[in-house]
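Please open the model in your viewer and keep the selection panel at hand.

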Amino acid sequence: MKRLLFSILLLMAAAPLAAQFYHPGEELSYRVSYKAKMFPNTEVGAVEIRTSEEQIDSQTLYKVEGIGRTLPTYRWFYNLEDIYKVWVDRQSRRPVRFVSDLHEGEYTFQSYYTYLWPDSTIHTRWRSRQRPFQQKQMTLTAESMDPISLFFNLRSAEAEDFRIGEPGTLQMVLQDTIKPIHYRYLGRENKKIRNMGRFRTLKFECQLGTTEGYSFTDGTIFTIWISDDDNKIPLYIESPVKIGSIQAYISGYKGLKYPLDSKIR
């Protein structure tokens, strides 16, 4: 579940663009399901991503929240609530502050990032359970962002700018390090989404790198289908786990900036 919320928020990032897409009022809802050889495809969780505006210190910022929860039926077995928030400058479209608050069974984790773009640095603080905070200051590049900010990075790109099979890399801030995200565009594909219909999509293969080199063999590969229209919202995500696979698929949307022209029926 944690992996799927992360992948929804970060693995859409397929091109380092100066412009990012934020539209107050947009809400995206997803269902998360698990499937294994002896286990039927079962919905186990839900994810919501909401965009709004918020006034902080006399400045109006974009605010994006990503929330993942276990469905009530399964909370007795594994109770999860993960919340990610980011505040973004409306003029520069750059993130200003990021917060995560994760509760997964007995495990808890908090992190806080403060972006200092004039100095090209980021200050991070994090802790798990009741341990003291740790902190670190790191050098930023234009491609270095938190998971939510990376989620929006693709959405102003033109599909014609992608080349099938061409690899690329972005950078994701993770507490005390900056990890590479590798991606490869696989082309267009019509995709049927449960209870939502059939869509024209752009298909990507993505991986959170475990080394500095580029490799699609040393980490889990996620496959993502995004809407082939001006919104470019993730419609379906699939990821293998140790036993079986996990899928996340869109279950509702509202407040989109553009018509969802990718829907066929």
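Which strands each supply at least two residues of the lining of the second largest pocket? In this predicted model, they are strand E1, residues 27–36, and strand E2, residues 39–56. Select both strands to begin. E1 provides the largest share of that lining, namely three residues.

Next, select Tyr34, Val44, Tyr74, Phe77 and Tyr78. Of the 11 residues that line the second largest pocket, these lie nearest its centre. The volume of this pocket is about 340 Å³. Colouring the lining by residue class would show nine nonpolar residues and two polar ones, with no charged residues.

Now turn to the largest nonpolar core, which comprises 46 residues. Select Ile193 and Ile250, the residues with the most contacts inside this core. In soluble globular proteins, nonpolar side chains tend to be buried together.

Keep Ile250 selected and display its surroundings. Neighbours within four places in sequence set aside, Ile250 is in contact with Leu28, Ser29 and Tyr30, with Ile193 and Met196, and with Ile233, Pro234 and Leu235.

Two helices and 15 strands are present. The chain has 265 residues, 50% of which are buried. Of the contacts between residues at least 6 apart in sequence, 53% link residues at least 24 apart.

Notes: Residues are numbered from 1 along each chain as its sequence is written. This is a predicted model: local features need pLDDT of at least 70, side-chain atom pairs count only at pLDDT 80 or more; totals for chains, interfaces and linings use all residues. Side-chain values use heavy atoms; hydrogens and water are left out. On a 1 Å grid over the protein atoms alone, a cavity is a set of points where a 1.4 Å probe fits but cannot get out, and a pocket is an open set with protein on both sides within 12 Å along at least five of seven lines; lining residues have an atom within 4 Å of a point. Grid points are joined across faces, edges and corners, and a volume is the space filled by probe spheres set on the points. Helices (H or I, at least four residues) and strands (E, at least two) are DSSP runs, numbered from the N terminus. Ala, Val, Leu, Ile, Met, Phe, Trp, Tyr, Cys and Pro count as nonpolar, Asp, Glu, Lys and Arg as charged, and the others, Gly among them, as polar. A nonpolar core is a set of buried Ala, Val, Leu, Ile, Met, Phe, Trp, Tyr and Cys residues joined through side-chain atoms within 4.5 Å. Buried means under 20% relative accessible area, exposed over 50%, partly exposed in between (1.4 Å probe, protein chains only). Contact means heavy atoms within 4.5 Å.
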